[in-house]
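Visitor: I would like to learn how to read a protein structure. Could you take me through one, feature by feature?

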Amino acid sequence: MSVMAPVKPVTLEDMPNLGTGKRARLHRLLYKYGPGNGTLLFLPIDQGLEHGPRDFFVNPDSADPEFELRLCKEVGFSAIVFQYGIADKYMPRFAGEVPLVLKLNGKTEIPPDNEALSCMIASVEDACRLGADAIGYTLYIGSPSQYEDFHNFQQVRREAEALGMPMITWAYPRGEAIATKGGKDSLYAIDYASRVTAELGSDVVKINFPKKTSPDSPKPYNTLEESDAEMIRRVVASAGKQFVVISGGEKGSDEAVLHKVTLSMEGGATGMIFGRNVWQRQWSEAVSISGRIKDVLLRFGR
């Protein structure tokens, strides 16, 4: 059994070479909006493209992006995450009040994930025009299409550096090779994805909470016996000098949600990104759980 040492959370001071534009935008996200104490709390609403309308069935009000925008404003999230079309049509009324992270690529869930690739549908210039404080890029680690994915990532990274836009990478292990090495939620897959984004030059990485170690994973992962707390410390450490936000995943009980938040923040994460776990609830419940998540983050000021 391995024992992971505590991981020191990354701060802006750890990034002396960060350009002025990126630093200014990240400072707004970290200290002006959301908890405002150097942590991050994002609300993504890109599932309409990624999963289709089915995710909104449990709470029909959530199909209207204004539901999530009002929630962001009411609770005080660090930013909302939209694809281009939704941002273009719905952000104007909330401009300056709700920060925006614009996703630049996306796909539907209809084709299989064997050769997953998230196609480019917006640009860094679009993000600047829409007043975004960061961009989001989905990267599929392990997919046979990773050559094209890495090339697209490089192009976006260069544009983001030129325009002073922080780059948040959605790091998702995918493909048949990942499935045979323990699966997309294994410690091996999540840890590898975290390190890849550091190697490629991301500023913030969004990763899923690792669910298990697996005997099917390559050595030495196949024999690791680590607790949830140890696994989250490991994947945060692999991200290097990046801010790490952990996915809240699918809707669960309040206790499970808050436990995951606490473990993530104790493990050195910068913050959380909660979508369905929040907006699939009715308004009063969504406000309540969001406030409780924010209260946890307020205990972990940087």
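This is a predicted model: local features need pLDDT of at least 70, side-chain atom pairs count only at pLDDT 80 or more; totals for chains, interfaces and linings use all residues.

Visitor: What holds strands of a sheet together in general?

Guide: Strands of a sheet pair through backbone hydrogen bonds, and the pairing is either parallel or antiparallel.

Visitor: How many strands close into the barrel, and in what order?

Guide: Eight strands close into the barrel, in the order β1-β2-β3-β6-β7-β8-β9-β10, and the pairing is parallel. On average, neighbouring strands of this sheet are turned by 25° against each other, direction ignored. A helix also packs on the sheet: α10, residues 254–266, touches β9 (243–247) and β10 (271–273). The direction of α10 makes about 140° with that of β10.

Visitor: How do I read two helices side by side? Take α8 and α9: at what angle do their axes cross?

Guide: Look at the distance between the axes and at the angle. The axes of α8 (residues 187–200) and α9 (residues 228–238) come within 7 Å and cross at roughly 25°. Angles under 35 degrees count as roughly parallel, so α8 is roughly parallel to α9.

Visitor: Which residues of α8 and α9 meet?

Guide: From α8 come L187, I190, D191, S194, R195 and A198, and they meet M231, R234, V235 and S238 of α9. Sorted by class, this contact of α8 with α9 has five nonpolar, two polar and three charged residues.

Visitor: Next, the pockets. How much space lies in the largest pocket, and which residues lie nearest its centre?

Guide: The largest pocket holds about 810 Å³ of space. Its lining has 32 residues, and H51, Y172, R174, N208 and R276 lie nearest the centre. By class, the lining comprises 16 charged, eight polar and eight nonpolar residues. At least two lining residues are supplied by each of α2 (47–50), β6 (134–141) and β7 (167–173).

Visitor: Where does H51 lie?

Guide: H51 is in the loop between α2 and α3 (65–75). Beyond its neighbours within four places in sequence, H51 is in contact with E109 and R276. The C-alpha atoms of H51 and T108 are separated by 6.3 Å, although these residues are 57 residues apart along the chain.

Visitor: Last, peptide bonds. What form do most of them take?

Guide: Most peptide bonds are trans. Here a cis peptide bond joins K219 and P220, with omega about 0°. P220 is found in the loop between β8 (204–207) and α9.

Note on methods. Residues are numbered from 1 along each chain as its sequence is written. Side-chain values use heavy atoms; hydrogens and water are left out. Two strands pair if DSSP finds at least two bridges between them. Helices (H or I, at least four residues) and strands (E, at least two) are DSSP runs, numbered from the N terminus. Axes are lines fitted to C-alpha atoms, for helices over the stretch in contact, and angles run from 0 to 180 degrees between N-to-C directions. Contact means heavy atoms within 4.5 Å. On a 1 Å grid over the protein atoms alone, a cavity is a set of points where a 1.4 Å probe fits but cannot get out, and a pocket is an open set with protein on both sides within 12 Å along at least five of seven lines; lining residues have an atom within 4 Å of a point. Grid points are joined across faces, edges and corners, and a volume is the space filled by probe spheres set on the points. Ala, Val, Leu, Ile, Met, Phe, Trp, Tyr, Cys and Pro count as nonpolar, Asp, Glu, Lys and Arg as charged, and the others, Gly among them, as polar. Angles under 35 degrees count as roughly parallel, over 145 as roughly antiparallel, 65 to 115 as roughly perpendicular and the rest as oblique.
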